[in-house]
Amino acid sequence: MFYFWTVKVIRFVPIFFVLASIIAAYFYAGGNIHNPNQVGYSVTHNFLSDLGGYQSHSEEVNFISAFFFNMAMFLFIAVGVAFLKIHRLFSKNPVDNIIATAGSFFFLVGTIFFAGVGLTPYDLYLDTHAFFAVNAFRLMVPASLLYFVS
């Protein structure tokens with residue numbers, strides 16, 4: 001079970017996120033904040049969160065795109081759970097284990113916030129969506145630094 005969480009999940013989720021984002025971009029209904037007439041999704045003109053909105057900026061229903069993107073965002077919780085197991089790799093040194101455990105905690109909470117991004121589409125819950133998005137990245141910084149140090 002340790003191998004499943006520490007290797008398979010951490011390999012699968014990022015690959016799934018990239019593929020789901022590509023599918024979501026393909027099915028995106030169109031538009032951006034400056035040009036509602038834009039055809040499809042543009043990496044340079046749209047936010048990534050546009051893929052998860054209930055409606056696109058062209059005011060068309062964005063169901064397929066939102067389904068794939070939000071599902072991929074929600075799946076990041078599995079990565080957070082996997083990091084709860086990874087700190088065991090540092091069990092030989094008690095100080096490193098404590099630091100890695102703290103990093104795992106930040107990773108878990110950060111991935112829960114990424115799931116919150118997927119559960120709160122920007123066009124329906126903008127303030128909550130922004131709160132989850134900003135704080136997810138804020139939590140990933142100390143998590144990464146703690147693992148870097150350990």
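## Basis of the description

Because the model is predicted, local features need pLDDT of at least 70 and side-chain atom pairs count only at pLDDT 80 or more, while totals for chains, interfaces and linings use all residues. Residues are numbered from 1 along each chain as its sequence is written, and side-chain values use heavy atoms, with hydrogens and water left out.

## Overall layout

The chain holds five helices and zero strands, where helices (H or I, at least four residues) and strands (E, at least two) are DSSP runs numbered from the N terminus. Read along the sequence, the pattern is α-α-α-α-α, and the C-alpha trace spans about 60 × 30 × 25 Å along its principal axes.

## Helix α1 and its partners

Helix α1 (residues 2-27) packs against α2 at an angle of about 165 degrees, with the axes 8 Å apart; axes are lines fitted to C-alpha atoms, for helices over the stretch in contact, and angles run from 0 to 180 degrees between N-to-C directions. That angle makes α1 roughly antiparallel to α2, a term for angles over 145 degrees. The crossing of α1 and α2 is left-handed, meaning that the near helix is turned anticlockwise from the far one by less than a right angle. Contact (heavy atoms within 4.5 Å) joins residues including Phe 16, Phe 17 and Phe 27 in α1 to residues including Phe 68, Phe 69 and Met 73 in α2. By class, this contact of α1 with α2 has 12 nonpolar, two polar and no charged residues, with Ala, Val, Leu, Ile, Met, Phe, Trp, Tyr, Cys and Pro counted as nonpolar, Asp, Glu, Lys and Arg as charged, and the others, Gly among them, as polar.

α1 also packs with helix α3 (residues 76-86), at an angle of about 150 degrees and with the axes 9 Å apart, which makes α1 roughly antiparallel to α3. Among the residues of this contact are Phe 2, Trp 5 and Phe 17 of α1, together with Phe 76, Phe 83 and Lys 85 of α3. The contact of α1 with α3 divides into 13 nonpolar residues, one polar and one charged, and α1 passes α3 in a left-handed crossing.

## Helices α4 and α5

The pair α4 and α5 packs at an angle of about 160 degrees, with axes 8 Å apart, and the two helices are therefore roughly antiparallel to each other. Their crossing is left-handed, and their contact has 21 nonpolar, eight polar and no charged residues.

## The largest pocket

The largest pocket has a volume of about 160 Å³. On a 1 Å grid over the protein atoms alone, a pocket is an open set of points where a 1.4 Å probe fits, with protein on both sides within 12 Å along at least five of seven lines, and lining residues have an atom within 4 Å of a point. Grid points are joined across faces, edges and corners, and the volume is the space filled by probe spheres set on the points.

The lining consists of Phe 17, Leu 48, Ser 49, Phe 69, Met 73, Phe 76, Phe 114, Val 117, Ala 133 and Phe 137. Two or more lining residues come from each of α2 (63-74), α4 (94-119) and α5 (126-149). By class, the lining has nine nonpolar, one polar and no charged residues.

Methods. Angles under 35 degrees count as roughly parallel, over 145 as roughly antiparallel, 65 to 115 as roughly perpendicular and the rest as oblique.
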